[in-house]
Amino acid sequence: MTETVIQTRDLTKEFIRDEFHVVALKDANLEVRKGEFVALMGPSGSGKSTLLHLIAAMDRPTDGEILVLGENLRSLSDRAIARWRNEHIGFVFQSFNLIPVLTAIENVELPLKLTALKKKERMEHAATALKLVGLGDRLGHLPRQLSGGQEQRVAIARAIVTDPDLILADEPTGNLDAQSAQEILTLLGRLNKEFGKTILLVTHDPHAARFASRIRHLEKGELLPEGQVPADYTVAPM
Amino acid sequence: MFRYVPLMLKNALRNRRRSTLTILSIAASLCLLGVMFALYRGLFLAPPKPGQELRLVARHKVSMTQPLPVSYEARIRQLPGVREAMVWQWFGGVYKDARDRRNFFARFCIEPDKLFRVRPELEMPDEQKRAFERLRTGAVASSDLAERMGWKIGERIFLTGDIYPVNPELTLVGIFKDPNTNETLFFSYFYLRELLGAGPRGDMVGTFQIQAENAEAVPRLAKAIDTMFENSTAPTKTETEQAFALQFVSFLGNIKLYLMIICAAVTFTILLVSANTMAMSVRERVREIGILKTLGYTPGAILFMILGEAGVIALMGGALGLLLASGMTAALRQGPTFVGAMRTLSITPDVGALSLALAFLIGVGSSLIPAWNAARTSILEALRDSG
Ligand SMILES: Nc1ncnc2c1ncn2[C@@H]1O[C@H](COP(=O)(O)OP(=O)(O)OP(=O)(O)O)[C@@H](O)[C@H]1O
Ligand SMILES: [Mg+2]
């Protein structure tokens, strides 16, 4: 039996602002094992990002239990959570989120600055990560000197540079053309197969979801049981 | 913590134009602040000039313009701890054409046989001293003055009185060296009395200068002299010459207060400029702060980086400002100097360090609020920011 990486029980997140009351996620039960590549799908507003943020401990749940890499996230302090995220989680955004004044390698070095590594080692690690994503010849480029697909690859390099156990990607291909999207998904697939990284991928795109070993669907804040899809879900022909 | 410095520097300079303007305005303010500090230091905190340590000045308690009976001198000299006491009377008057600034220099009536004991820092050959004591109408000038006026021994110097209705006709009998490079002419108080003739005017003098035997005696003497004349018709106020000299600056008003007000206003200006820059700069980067937090940066690290950035900008402005201030003090030293402190005005290391430290503190202080807010913003809120 393989190790459980993510386990949630009745995980619930409500947003209350003034008279607004949104249940973004309701009683979600999700289990992801080490080495799995799971895709999270669902229409806009169904709670995909919310679930991902809770798993990355970027937000705190309203109710329910959440165990990630054996850590009960609800019991950790903010400081401890920051360190934990730095060590164990790689997060990839739809909009790349690179720091514009830093070069590719400096962006990738950022998470390593929180470790005990020396400058030289940090640079070596960052260069290795960039080579892995195929950008070994773009180390000194600023984000604006890169294409969207290249920027996203820098972001992936940044997510993997600390050698995290879990990679969380929120629509990483959402801003990319088909060609670049394909490259990113292939890269994620490689990270999963060759390096054994556990990956949770949020996507709208059924084609993207095919790279995953397993798909879970969300609808209106509810995580549908394994194998079940929303009523109006159709897979577009390739 | 040093590993955050490169990002701090990059952030400080990322909006070139804004940073440049901020640095320039901080520099301008700090230049002013540095000059003010230097002035304050020169006026109020300078070490005593050569010869000043043991010298006291006694004057009328009410005001410098009220005279004291000349008979006080003998009574002061009897106090234990007094090495010498002497009349010190401002003569004023006019030399040649008063409209020519070049003809302005200090003229005092003193006692020739005591001058060099009360002011031991002055140096003059012995035979000139004896000539000065012998010749009733003799005068001595500082070498700086004699040189500027082109005077030689034997020069005839005619003064026209204004405070006193007399016109001394003097002969230069000596030229002394003054380490303080003052431009001064001394002549005999007894000659002045003679010109004034019999009458109360000659029996009254402006001040006495006293040379104490040692440093320990200085504060004791000041008190003893004032106590001695406390209940007379002309009570005295006795203080060190250094403290006394500051009175001449007071024609500028309460200069200490002015300096403080200017410094406070300048400080406040830097505070506003820096606060404004940092608020804008943080506002633009909320999203990046969210990214850093996602990568595991703690609120403390974020706080440190933003405060550091403000500190860097303030220090750059401060360093530039001090450079300007040194140029300015150099220029002021060359200019007309009516106050002694101006002649030695400079950005000393302590003044420089104080100014820089103040700039740094202001920079950091002004960014506390935006930095604190940024550090506290939740990740998701920060990431949603479109700035
Ligand atoms: N901070 C918030 N305050 C209030 N409501 C929120 C907040 N964040 C999310 N929501 C709401 O929670 C619900 C789920 O949002 P979520 O971002 O998880 O959807 P999503 O599945 O990621 O959608 P998309 O595909 O458009 O990214 C939505 O109705 C959204 O409006
Ligand atoms: Mg989303």
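User: Which residues is Asn192(A) in contact with, leaving aside its neighbours within four places in sequence?

Analyst: Asn192(A) is in contact (heavy atoms within 4.5 Å) with Gly35(A), Glu36(A), Phe37(A), Lys197(A) and Ile199(A). This is a predicted model, in which local features need pLDDT of at least 70 and side-chain atom pairs count only at pLDDT 80 or more, while totals for chains, interfaces and linings use all residues. Residues are numbered from 1 along each chain as its sequence is written, chains are lettered from A and ligands numbered from 1 in the order in which they are written, and side-chain values use heavy atoms, with hydrogens and water left out.

User: Why does Asn192(A) count as buried?

Analyst: Asn192(A) counts as buried because its relative accessibility is 11%. Buried means under 20% relative accessible area, exposed over 50%, and partly exposed in between, with a 1.4 Å probe and protein chains only.

User: What lies 3.0 Å from a polar atom of its side chain?

Analyst: The backbone oxygen of Gly35(A) lies 3.0 Å from a polar atom of the Asn192(A) side chain.

User: Where is Asn192(A) found?

Analyst: Asn192(A) is found in helix 6 of chain A. Helices (H or I, at least four residues) are DSSP runs, as are strands (E, at least two), numbered from the N terminus.

User: What do the buried residues of that helix pack against?

Analyst: They pack against several elements of chain A, including strand 4 (37-41), helix 4 (119-132) and helix 5 (148-160). Among the buried residues of helix 6 are Ile184(A), Leu188(A) and Asn192(A).

User: Changing topic, how many residues does each chain bring to the contact between A and B?

Analyst: Chain A brings 29 residues and chain B brings 21 residues. Of the area that chain A buries against chain B, 25% is supplied by Val101(A), Lys113(A) and Leu114(A), more than any other three residues. Buried area is the accessible area (1.4 Å probe) that two parts lose on being put together, summed over both.

User: How much do the two chains bury between them?

Analyst: Chain A and chain B bury about 2,100 Å², with 61% of it on carbon and sulfur atoms.

User: Which side chains meet in a salt bridge?

Analyst: Those of Glu106(A) and Lys10(B) do, at 2.8 Å, N to O. A salt bridge is a side-chain nitrogen of Lys or Arg within 4 Å of a carboxyl oxygen of Asp or Glu, and the rule finds one across this interface.

Conventions: A polar contact is a pair of N or O atoms within 3.5 Å; within protein, one must be able to donate a hydrogen and the other to accept it, and residues adjacent in sequence count only if both atoms are side-chain atoms.
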